[in-house]
Amino acid sequence: MSEFYEGLAEILEIEPATVNSDLALDEGAWDSLAVVSTIALIDEVFDRTVSADALADCRTVGDIEKLVGADA
């Protein structure tokens, strides 16, 4: 999970240590560019494809983990 958390921290422009399942995405730079970048990150880390609409509905990192079926 650390590769995903590190990538997400970079996308959200926050410190990697602050990323966990409970982190609200709006605490970082969660915008349309972040959504597209996160889609690419999910594909790279989990080898899964998610829709932009489904990802945009996520409110926390845990929501993203549930979306991709990752074990937290």
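Reader: Are F4 and Y5 buried or exposed?
Author: Both F4 and Y5 are buried. Please note that this is a predicted model.

Reader: Which helix are they in, and what else is buried there?
Author: F4 and Y5 belong to helix α1, which covers residues 2-12.

Reader: What do the buried residues of α1 pack against?
Author: They pack against α2, residues 32-46, and against α4, residues 61-68.

Reader: And what happens just after α1?
Author: The residue E13 follows, and its phi is positive, about 60 degrees.

Reader: Back to the rings, then. How many aromatic pairs are there?
Author: The count comes to two aromatic pairs. In the pair of F4 and Y5, the ring centres are 6.3 Å apart and the planes stand at 50 degrees, so this pair is tilted.

Reader: Why does 50 degrees make it tilted?
Author: Planes under 30 degrees apart would count as stacked and those over 60 as edge-to-face, so the remaining pairs are called tilted. The angle between F4 and Y5 is 50 degrees, so the term applies to them.

Reader: Which residues form the aromatic cluster?
Author: The cluster is formed by F4, Y5 and F46.

Reader: New topic: α4. Which of its residues are buried?
Author: The buried residues of α4 are V61, G62, I64, E65 and V68. Viewed down the helix axis, they fall within an arc of 155 degrees, so they line one face of α4.

Reader: What comes after α4?
Author: G69 follows α4 and has a positive phi, near 75 degrees.

Reader: Now α2. Where is I42, and is it buried or exposed?
Author: I42 lies in helix α2. Its relative accessible area is 0%, so I42 is buried.

Reader: What is I42 in contact with?
Author: Setting aside neighbours within four places in sequence, I42 is in contact with F4, D47, R48, V50, L55, I64 and V68. As for L55, its C-alpha is 10 Å from that of I42, and the two residues are 13 apart in sequence.

Reader: What about T38?
Author: T38 is also found in helix α2. T38 is buried, because its relative accessible area is 0%. Apart from neighbours within four places in sequence, its contacts are L8, I11, W30, L55 and I64.

Notes. Residues are numbered from 1 along each chain as its sequence is written. This is a predicted model: local features need pLDDT of at least 70, side-chain atom pairs count only at pLDDT 80 or more; totals for chains, interfaces and linings use all residues. Side-chain values use heavy atoms; hydrogens and water are left out. Buried means under 20% relative accessible area, exposed over 50%, partly exposed in between (1.4 Å probe, protein chains only). Helices (H or I, at least four residues) and strands (E, at least two) are DSSP runs, numbered from the N terminus. Contact means heavy atoms within 4.5 Å. Rings of Phe, Tyr and Trp (its six-membered ring) pair if their centres lie within 6.5 Å; planes under 30 degrees apart count as stacked, over 60 as edge-to-face and the rest as tilted. The arc is that of the directions from the helix axis to the C-beta atoms.
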